[in-house]
Amino acid sequence: MHKETYQASIQKAIDAQANWAQIPAPKRGEVIRILGQKLRHKQHDIAEAIMKEAKKIRAEAMGEVQEAIDMCDFAVGLSRQLYGLTMPSERPEHKLREVYHPLGVVGVITAFNFPCAVWAWNHCLSMVCGNAVVWKHSPLTPEVTQLCKQAWDEAVKQSMPNQSFDDLLQIVDGDKAVAEWLADDHRISLLSATGSTAMGRALAPRVASRLGRSLLELGGNNAMVVSKHANLALAIRAIVFGAVGTSGQRCTTLRRLIVHKSVYHDLLTKLKKAYTSLVVGDQFESKTMVGPLIHEDAVLAMHNALQEAQQKGYKIFGGDDCGDCLVRPAIVEVDQPCDLVKRETFAPILYVLTYDEFSEAIQLHNDVPQGLSSCVFTDDVREAELFTSELGSDCGIVNVNIGPSGAEIGGAFGGEKDTGGGRESGSDAWKQYMRRSTITINYGESLPLAQGIQFGD
Ligand code: UN1
C-alpha cells in the first residue's frame, strides 16, 4: 500500500467517525446486531476462507466465526450499558460524575491465526463506542478480511440506509511498514495489536513516544499444572485440545505441562497413546484433527526447537515432518527447565516438567517471561483456590479443570508481562476504546473549593 492511499484511508475514517460519534450508542449497537445476522448467514463462507488461508480445520474455523457472532451479541447489549459513574461530591450543591465518550480512530492489527474473531473483538467494541476502525489484517488472510468487511458494509447499508457510513471501516494492506505508520500516527487514538512479543516490542515504544495508547495482545507460554488430585481422563482431553488444536498456533495454546511426579508416568503413557491416534492431514478432510502449519517457516521453527531439545538430551515423542507443512505434534520431556521452555514456538510442541510440592509447581509455572493463559487440573479445593489467588498463577487467564485455550468472549482476554498487559473482548475491555470525562457540576450560587481551601475570602 502506498503512503498516499494510507493517508486517504485515515482521513476517510476520521471524517466518518465525526458523524458516527453523534449517533446514539444503542443505534450504533443496532448496526452490530445486523452484523451478527450477516455473520450468521456467512458463517460457512467465512469459515471456508479461514480454512483456506489460516489452514484451520472446519470445526475450528466455524468456531472462530461463532466467536465473532458472540462478540456481536455482547456488543449489542453493551451499547446500552456504556455506564459511567456518579459519586458524591464533597461540596454542597455539587454533582460529580464520570462519562465515557468515543475515542476517535482505532487502529487494529490482527494476526493470521484468528483473522475474523480478533477483528470482531476490536471492531464490535470500537463501533458501539463510537469509533472508526482502520484494520491492518495479516497479509496471509486477505479473503477472510474482505468477507468480514463485506458483512460490515452490508450491515451498515441495511441499518443506516439514509446516512453514509461507508468509510467507518478502512482496510490497510501491508506488513511491517503499515503497522509502523499506524504506530507513529497521532491520529490513531488507540492501537490494538495482536501478534508476537517481538512485534509488540517494536510497535509499543513508537506509540508511547507520541504518548498514544496501545492495547497489546502478544505471545503466550501457557501451562497446565496436573496435580496428584487431578481427574486424569479430563486432563488428557484438555491437554490434547489445548496443545494440538489449531496445530499449536493459538496464542493460548498449551505449551507446558507441569505434572506431579506421582501421576507423571500414568499421564504420559495415556497422553502418548492419545497423540498416536491424532489424525494429521489436509484441513479440508473431515477426519483431520491437526491441519498444516501456516507456512514452511513455521515448520522450520518447530524443527529448530526440537533439534535444540534433542541436543539438550530431552526425550522427544512425535514431531515428525510429514511434508506440505504437516507435522505430528511433539511431546518433549524436560528434566531441567531451560531457555527453550521459556520461549514461545508457534507450533505444536508440548514441554513436560515434573514437580513434588504444589508451591514448586506454581514457581515453575510463573517462571517464564509471558503471562497469558494458565490452568490447573485438581479436585483439591485448596490447590484450586491457591492457583487462582494472588500467590498463584500470574497470568491474565487462570482456569481450573479446563485447558488454557478456547476462552469465551464474555471475560476480558489478555495477559501480563511479555504478553503486553492488554485486555480485549468482554467484561469492561470497552473502556479502553473510550475516553473518560470527569465532570463536576455546581448547581448552587457559591463557589466552595475542594479540600476546603479558602482563597481570597
Ligand atoms: C489468539 O490466539 O490470538 O481463547 C486468540 C482462545 C480464542 C482466542 C485466541 N478464543 O483460544
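Two strands are taken to pair if DSSP finds at least two bridges between them. Strands (E, at least two residues) and helices (H or I, at least four) are DSSP runs, numbered from the N terminus. The model is predicted: local features need pLDDT of at least 70, side-chain atom pairs count only at pLDDT 80 or more, and totals for chains, interfaces and linings use all residues. Residue numbers start from 1 along each chain as its sequence is written.

An open sheet of three strands was found, in the order β1-β2-β21. Its pairing is antiparallel. Strands β1 (85-87) and β21 (434-442) form the edges, each pairing on one side only. From one strand to the next, the twist averages 20 degrees. Axes here are lines fitted to C-alpha atoms, for helices over the stretch in contact; angles run from 0 to 180 degrees between N-to-C directions. Strand β2 (residues 94-102) pairs with β21 in the antiparallel sense over nine bridges. R97 has I439 of β21 as its bridge partner.

Two packed helices are described by the angle between their axes and the distance between the axes. Helix α2 (residues 25-41) packs on helix α5 (residues 117-128) at an angle of about 150 degrees. Their axes lie 8 Å apart. The two helices α2 and α5 are therefore roughly antiparallel to each other (angles under 35 degrees count as roughly parallel, over 145 as roughly antiparallel, 65 to 115 as roughly perpendicular and the rest as oblique). Helix α2 contributes A25, R28, G29, V31 and I32 to the contact, and α5 contributes C124, M127 and V128. Residues are in contact if their C-beta atoms, placed from the backbone, lie within 7 Å. The residues of this contact divide into six nonpolar, one polar and one charged. Ala, Val, Leu, Ile, Met, Phe, Trp, Tyr, Cys and Pro count as nonpolar; Asp, Glu, Lys and Arg count as charged; the others, Gly among them, count as polar.

The domain assignment gives domain 1 (3-218 + 420-440) and domain 2 (222-400). Such bounds come from an automatic or database assignment. The C-alpha centres of the two domains lie 32 Å apart. Nine residues from domain 1 and 12 residues from domain 2 make the contact. On the side of domain 1 that touches domain 2, four residues are nonpolar, one is polar and four are charged.

Key. Contact = placed C-beta atoms within 7 Å.
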